[in-house]
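Hi,

Here is the structure I promised to pass on. Please open it first, then read my notes below.

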Amino acid sequence: MRVAAIVPAAGRGERLGHPVPKALLQIGGQSLVEHAVAGLIRAGVELVVVAAPADVIDEVRRLVPQATVVPGGSDRCASVRLALDAIPVDVDAVLVHDAARPFGSDDVVQRVVAALDSGAPAVIPVVPLVDTVKRVDGNGAVIETIDRATLRAVQTPQGFRRDVLAAAHANATATVTDDAALVEAMGIEVKTVDGDPRAFKVTTAWDLTVAEALWEWGRR
Ligand code: CTP
Ligand code: MG
């Protein structure tokens with residue numbers, strides 16, 4: 001099975017609130033996009049396509065010379081679609097992995113690829129929720145408590161048979177924050193495998209602090 005990966009890295013990181021695009025922020029002297037691409041290559045992925053912010057595309061090309069770098073789109077879905085266009089036709093399976101997840105992907109890649117190899121059309125890594133979860137209304141009043149046992153938080157890399165991911169994006173009517181949602185909408189079963197707490201997404205300034213601490217402690 002020939003496996004390629006797409007790394008959407010074209011976001012600005014608004015929740016982080018840094019003037020530099022999030023994928024270029026550094027941990028331990030390397031940018032988030034470098035960490036993410038290196039993890040995929042260490043795990044044996046043959047080809048990586050990065051969707052980069054158009055204004056810093058030359059910088060990203062310099063940082064990840066092992067990858068093909070294309071300009072991203074206005075939302076994550078568009079960035080994935082543009083990167084998918086750059087994947088050669090002989091690729092059987094495509095992983096989609098956020099540039100904003102610098103660590104922990106190596107083992108997760110192995111589990112996702114193994115499930116694809118056993119015939120699953122779509123595979124996502126998940127972790128259990130630790131907090132109690134409640135639904136609230138617009139005023140912050142609790143409507144209900146949701147049974148945590150049946151809920152999972154979803155990470156990346158998510159893996160897809162190439163034809164399944166292409167069809168999902170061709171049929172997409174809404175913009176979603178994860179590719180598996182598009183596959184679910186087509187009625188195709190999505191399998192889950194164990195994620196890894198280290199594969200958390202750097203979204204806020206706090207997450208960046210945690211990532212820096214993990215790097216310092218060698219716990220990444
Ligand atoms: N992404 C992308 N193209 C976009 C928006 C997001 O490639 N137009 C990528 C981000 O670069 C990131 C991944 O999708 O690696 C997950 O998105 P998120 O964590 O939401 O990153 P941002 O969109 O950059 O952050 P924010 O939503 O806070 O602006
Ligand atoms: Mg975003």
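β7 gives the most to the lining of the largest pocket: three residues. This is a predicted model, so please keep that in mind as you read. β7 spans 122-128. Other elements also supply at least two residues each to this lining, namely α3 (76-84), β10 (152-154) and α6 (179-185).

Now the pocket itself. Its volume is about 1,100 Å³. The lining has 40 residues, and R15, K22, R76, D98 and K201 are the closest to the pocket's centre. By class, the lining of the largest pocket splits into 17 nonpolar, 11 polar and 12 charged residues.

What sits in the largest pocket? Ligand 1 does.

Next, look at what surrounds the ligand. How many residues surround ligand 1? There are 18, and the closest are P8, E14, R15, S79 and K201. The shell around ligand 1 holds eight charged residues, five polar ones and five nonpolar ones.

- S79: a polar side-chain atom lies 2.7 Å from a nitrogen atom of ligand 1.
- A9: a backbone N or O atom lies 3.2 Å from an oxygen atom of ligand 1.
- S74: a backbone N or O atom lies 3.5 Å from a nitrogen atom of ligand 1.

How much of ligand 1 does the protein cover? On its own, ligand 1 has 570 Å² of accessible area, and the protein covers 86% of that.

Then turn to the second largest pocket. About 160 Å³ of space lies in it. Its lining is made of Q30, H35, A38, R42, P102, F103, G104, D106, D107, R198, W215 and R220. Which elements give two or more residues to this lining? They are α1 (32-42) and α4 (105-117). The largest share comes from α1, with three residues. By class, the lining of the second largest pocket has five charged, four nonpolar and three polar residues.

To recap, find ligand 1 in the largest pocket. Then find S79 and its side-chain contact with the ligand, at 2.7 Å. Finish with α1 at the second largest pocket.

Best wishes

How values were computed:
Residues numbered from 1 in each chain as written. Chains lettered and ligands numbered in written order. Predicted model: local features only at pLDDT ≥ 70, side-chain atom pairs only at ≥ 80, totals over all residues. Heavy atoms only, no water. Near = heavy atom within 4 Å. Polar contact = N/O pair within 3.5 Å; in protein donor to acceptor, adjacent residues only side chain to side chain. Areas by Shrake-Rupley, 256 points an atom, 1.4 Å probe, with all protein chains shown as cover. 1 Å grid on protein atoms, 1.4 Å probe; cavity = no way out; pocket = protein on both sides within 12 Å on 5 of 7 lines; lining within 4 Å. Sits in = over half its atoms within 2 Å of the grid points. Nonpolar A, V, L, I, M, F, W, Y, C, P; charged D, E, K, R; others polar. Points joined across faces, edges and corners; volume = space filled by probe spheres on them. Helix = DSSP H or I, 4+ residues; strand = E, 2+ residues; numbered from the N terminus.
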